[in-house]
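Thanks, everyone, for making the time this morning.

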Amino acid sequence: MAVTRTEIAATEKLIRPHVRRTPVVAEGNLVFKLELLQHSGSFKARGAFANLLTREVPAAGVVAASGGNHGAAVAYAAMKLGKKARIFVPTISAKAKIERIRAYGADLVIEGERYADALAASEKWAAGSGALQIHAYDQEGALLGQGTVGLEFEEQAPLDTLLVAVGGGGLIGGIAAWYEGNMRIIGVEPALAPTLTKALEAGKPVDAPAGGIAADSLAPKQVGKLMFPLAQKYVEKVVLVEDDAIRASQRELWDRLRLVAEAGGAAAYAGLLSGEYRPTKDERVGVLVCGGNTTAVSFS
């Protein structure tokens, strides 16, 4: 199976009964897609269902490592499909994400300080238990599932440009595969976790810093190997945003749309608000608000 427009369309039909078609809100030439309203609180539910519905799940169930959103998505999909799930998360995971995972009935293990630590622990568990490993971003199922965001957005709104937050790259890779260069794709990364930026500079996935306020969702050590050639081919550029810009984006999403987005979910909009990406006068820009797993906070 390849990550192509044809396969993404087939995946969309498969997961359609299990995921929400999330709404868009248009304000002039700016269009927001509210993927934070997806089941489990982020776009990750798409890839989770794609993986569980296309692969044989053993009696031992599934295992996943996550900063939080992927774990919640896998736990939710496993719950809905009647499968066992064990989720490994690092200590930096947000309380809201940990609570979601527990609420969906998965076995939760907190291991290490960063995503890479949780991933190593999950791989060890998978090897010993026989559980099926569901990677957060570097599997075809993840890319195909996340690519359905692009399919939906194309049906909902004509765009010139789409801004997408980047962590491991499953989301932007899947979306880029869907559009196949027919629309400008701009990646937005935290300046303290420039994972795709470093990879593009090096010509291959390489280790990058993993810090900042969005570290529980946008700070793996490396981008995925499967998404990288898609990014090289179809992502026009990547811009970096500071933590203060992400916080400002969270406040603006609340003031403007009454949306409570997590830091990673607000990062794409930060690329626009900060001026790191500057559209032309008549450019129609899409912004993906990709996650909302955070506790309620005051933006006053």
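Let me start at E180, which sits in the loop that connects α7, residues 170–179, to β8. Please keep in mind throughout that this is a predicted model. The phi of E180 is near 50°, which is a positive value in a residue other than glycine. Is E180 buried, partly exposed or exposed? With a relative accessible area of 36%, E180 counts as partly exposed.

S40 is not a glycine either, and its phi is positive at about 70°. S40, however, is buried, its relative accessible area being 2%.

Let me step back to the chain as a whole. The secondary structure amounts to 11 helices and 10 strands, and the C-alpha atoms fill a box of roughly 55 × 40 × 40 Å when that box is taken along the principal axes. For 300 residues, a compact globule would have a radius of gyration near 19 Å, and the 17 Å of this chain agrees with that expectation. Of those 300 residues, 58% count as buried. If we take the contacts between residues at least 6 apart in sequence, 71% of them join residues that are at least 24 apart.

Now to the sheet. Four strands form an open sheet with parallel pairing, in the order β5-β4-β3-β6. The edges are held by β5, residues 107–110, and β6, residues 132–133, each of which has a single partner strand, so that one side of each is left without a neighbour in the sheet. Helix α5, residues 115–129, packs on this sheet and touches β3, β4 and β6, with its direction making about 160° with that of β3. Looking at one pairing in detail, β4, residues 85–89, runs parallel to β5 and is joined to it by 4 bridges, and within that pair R86 stands opposite D107 of β5.

Which residues of α10 are buried? They are D243, A245, I246, S249, Q250, L253 and L257. These residues cover an arc of only 160° around the axis, which puts them on the same side of α10. The face turned away from that buried side carries D244 and D255, which are exposed.

As for what the buried residues of α10 pack against, the partners are the strands β1, β2, β8, β9 and β10, together with helix α11, residues 263–273. Just after α10 ends, R258 takes a positive phi of about 55°.

I will finish with K33, which belongs to strand β2, one of the strands that the buried residues of α10 pack against. Is K33 buried or exposed? K33 counts as buried, because its relative accessibility is 0%. Setting aside its neighbours within four places in sequence, K33 is in contact with a number of residues, among them T22, P23 and V24, then V149, E152, F153 and Q156, and also V287, L288 and V289.

Key
Residues numbered from 1 in each chain as written. Predicted model: local features only at pLDDT ≥ 70, side-chain atom pairs only at ≥ 80, totals over all residues. Heavy atoms only, no water. Buried < 20%, exposed > 50% of the residue type's maximum accessible area, 1.4 Å probe, protein only. Helix = DSSP H or I, 4+ residues; strand = E, 2+ residues; numbered from the N terminus. Arc of directions from axis to C-beta. Contact = heavy atoms within 4.5 Å. Pairing = 2+ DSSP bridges. Axes fitted to C-alpha atoms, helices over the stretch in contact; angles between N-to-C directions. Rg over C-alpha atoms; globule rule 2.2 N^0.38 Å.
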